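This report goes through one protein chain, from its overall make-up down to single residues. The sequence and the structure come first.

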Amino acid sequence: MKKIAIIGCGAAGMMAAITAADAGSSVTIFEKNEKPGKKIYITGKGRCNVTNACDVNDFFQNVRRNSKFLYSAVYSYDNTAVMDFFEKNGCPLKVERGDRVFPVSDHSSDIIRTLVKAINERNIPIEYGSEVTKVEVADGKVTGLVINGKQHKEFDAVIVCTGGVSYQSTGSTGDGYRFAKETGHELVEALPALVPFEVKESWYKDLQGLSLRNVGLRMVKDSKADAEDKEGKSKKSKNKPLYEGFGEMLFTHFGISGPLVLTASCYYTKGVDTKVFIDLKPALSEEQLDKRVLREFEGGMNKQFKNVLGPLFPSKLIPVMIELSGINPEKTVNDITKQERQDFVKLIKNLPLTITGTRGFQEAIITAGGVSVKDINPSTMESKKVQGLYFAGEVLDTHAVTGGFNLQIAWSTGHLAGESAASEY
């Protein structure tokens, strides 16, 4: 019977173990934590967004890095297969807005419990408190592992499912990158992904804690140095937006966060001057919004500017919008010029913020970068450099936007790695 070691008892690791055992292999999971699935436990704010129920062809549109590499893995074990697994193993699921899939209970612990139950039913040992310190290789082939710096164990195949370096308290401390480097694999720089933004402006501090629903967000390269035409007039940048989306965002003590911002962060490039524009009224065109603002002005003709904005914005946002508009808050609305009003409308549709960077790995949901997919066979998840060595999940240089897509990558690559490790050679 083929002996397979799984390093890491997270989503990819548990799925790889179950699949390899079902294919007839003897499997052992090594987990340095004291319990399984620590990162699964905190995903989806503790609810666990298991996968996304979109059409499988649409899945790849939401993958930001190396989507083609994932074709074999995802098509051989797609979202319907994942949903079937949990349903058949006693964990009912539900589909919510955006095709996000959650356990009916809204408890991520039920997802972990289902996986552990499946592992126990297959008599797969999980060795907790067992930190793999080295992957042993001889003559281009895996021979075993060193556990806790001293114990040598022989294996026919090893599957590395150690995750990235985000949420390091869950055990994701980059061990897999070290194993990859030590065994001759190329690494792509690890960066925080699905992560909040830090911003330059100071007015966001006055909005700390304010959540905005149903707003638009457009992210562009900052075009300070717009080209000038022959007459010396500034040309408006025609750069295509890096990202455009709609949803919910949150102002924080450092900048902006929330689902909309986390998704936008996947399109941000470190070191590139970037701005975001928030559309506070995305359901209205500028012309429609101008008529709406005009109605508010006409309804409070003799009121001061600061006293007619209540129907348009949350109260916390009003002082900021007044300040950014440049209109005197004491000015009566019948004295506001058409140009001032139209500029105010443009501000509502394009509230600007300058991105100075992202938060760190402690606040990043996932890690971008990792083991280069050039060194991995996409049909098996096996290393092209070392026979019997496989990589699955977040340790690989592939990631997606929010919505259950990253966990699907873990399930799919874990399943393919487990199946391949058990069947090859």
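## Basis and overall make-up

A residue counts as buried under 20% relative accessible area, as exposed over 50%, and as partly exposed in between (1.4 Å probe, protein chains only). On that scale, 53% of the 425 residues of the chain are buried. The model is predicted: local features need pLDDT of at least 70 and side-chain atom pairs count only at pLDDT 80 or more, while totals for chains, interfaces and linings use all residues. Residues are numbered from 1 along each chain as its sequence is written, and side-chain values use heavy atoms, with hydrogens and water left out.

The chain has 12 helices and 19 strands, taken as DSSP runs (helices H or I, at least four residues; strands E, at least two) numbered from the N terminus. Along the principal axes, its C-alpha atoms fill a box of roughly 85 × 50 × 35 Å. Contact means heavy atoms within 4.5 Å. Of the contacts between residues at least 6 apart in sequence, 74% join residues at least 24 apart.

## Nonpolar core

A nonpolar core is a set of buried Ala, Val, Leu, Ile, Met, Phe, Trp, Tyr and Cys residues joined through side-chain atoms within 4.5 Å. The largest one has 132 residues, and Phe251 and Trp411 have the most contacts inside it. Beyond its neighbours within four places in sequence, Phe251 is in contact with residues including Trp203, Tyr204, Ile278 and Leu353.

## Helix α11

Helix α11 covers residues 338–349; at 1.5 Å a residue its 12 residues should span 16 Å, and the 17 Å between its end C-alpha atoms agrees. The expected span is 1.5 Å times one less than the number of residues.

Its buried residues are Arg341, Phe344, Val345, Leu347, Ile348 and Lys349. Among the elements covering them are β16 (274–279), α9 (286–299), α10 (318–325) and β17 (351–358).

Strands pair if DSSP finds at least two bridges between them. An open, antiparallel sheet has the order β3-β5-β4. Each of β3 (51–52) and β4 (93–96) has a single partner strand, so one side of each lacks a neighbour in the sheet. Four bridges join β4 to β5 (residues 100–103), with Leu93 partnered by Pro103.

## Ser172

Ser172 sits in the loop between β10 (157–160) and α7 (175–182). Its relative accessible area is 6%, so Ser172 is buried. Leaving out residues up to four places away in sequence, Ser172 touches Thr162, Gly163, Gly164, Val165, Ser166 and Tyr167.
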